[in-house]
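Please keep the sequence and the model in view while reading.

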Amino acid sequence: MSDAGVPILMYHSVATAPNDATRGLSVAPEAFAEQMGLIGDLGLTPVTTADLAAGWRSGRPLPARPVLITFDDGYEGVHRHALPVLARHGFPATVFVSTGWLRGVHDTGCGPDTMLDWPQVRQLVAVGAEIGGHSHTHPQLDQLPDDVLRAELDRCTRIVTDELGAPPVSFAYPYGYSSRRVRQAVHAAGYAQALAVGNALARRRQGPYALRRVTVRRGTGAEEFGRLLEGRDLARHFAGDRVLTKGYALVRRARQLRQVRQLRQLRRKAVPGRV
């Protein structure tokens, strides 16, 4: 089977006047409309995350030139600005929601900007959007103890299921971070596939729990967007991101080792007669 790369576009906020916290990863409504028009002009076929993974898993052929349109976190602008454009083109998308950030009874009050409410989420579903999980409070999952990790995943899954009547089957890692332990926990929570970041084309050989995406930012122009769709110059374009990611990975690894040492020390103190 061919392992041709598929562009999975990672959006966050679509907003005219985003706040400072979300500005860098937001996209202006006019730019989003232009980008969706370009997808149509180039003859690409949007599919959901579940459709892509199911096709790769079963061996069924995918549509010609598939592309995925994904949104993280659950910003209100996805409904206000992106939904009419997607509906006009007939494009499906996947919206990964952090359930504790959405407005409603489960809201923790920590959403970084104006977020979706559940009636808006249901309207997205009605026009063909897939709703995926993105944890409950958007933590760095690989930094959590096992019980807290399971609680984050299970609460997100349960809320989406209760609100929409069906369990989510796709997941996106908050901040793009995962580990083997996190991926195993996501699988155990009932998700059939999960997306990272990586800023590269998604390929079947990456496995269903580490599919890569490319980041669309406020400064992504039309020509650059075209290159993202074609997978051209991604290594050069995202070189700065990769340097930062590698540097932060070292910091995160040191933090994990420190937490392991602290846990071992606590366990020694809890055992009588040991020092």
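Contact here means heavy atoms within 4.5 Å. Among contacts between residues at least 6 apart in sequence, 64% join residues at least 24 apart. The model under discussion is predicted. Its secondary structure consists of 9 helices and 8 strands. Of the 275 residues in the chain, 46% count as buried. The chain exposes about 13,200 Å², and carbon and sulfur atoms supply 54% of that area.

Attention may now turn to strand 8, which spans residues 211–215. This strand is mostly covered, with 4 of its 5 residues buried. Strand 8 pairs with strand 1, formed by residues 8–11; the two run parallel and are joined by 2 bridges. Within this pairing, M10 has T215 of strand 8 as its bridge partner. Strand 8 also pairs with strand 7, which comprises residues 193–198, again in the parallel sense and over 2 bridges. Here L195 stands opposite L211 of strand 8.

T94 lies in strand 4, which covers residues 94–97. Is T94 buried or exposed? T94 counts as buried because its relative accessibility is 0%, and the cut-off for buried is under 20%. Leaving aside residues up to four places away in sequence, T94 touches T48, T49, I69, T70, F71, E130 and G132.

How values were computed
Residues are numbered from 1 along each chain as its sequence is written. This is a predicted model: local features need pLDDT of at least 70, side-chain atom pairs count only at pLDDT 80 or more; totals for chains, interfaces and linings use all residues. Side-chain values use heavy atoms; hydrogens and water are left out. Buried means under 20% relative accessible area, exposed over 50%, partly exposed in between (1.4 Å probe, protein chains only). Two strands pair if DSSP finds at least two bridges between them. Accessible areas come from the Shrake-Rupley method with a 1.4 Å probe; for residues, only the protein chains shown count as cover.
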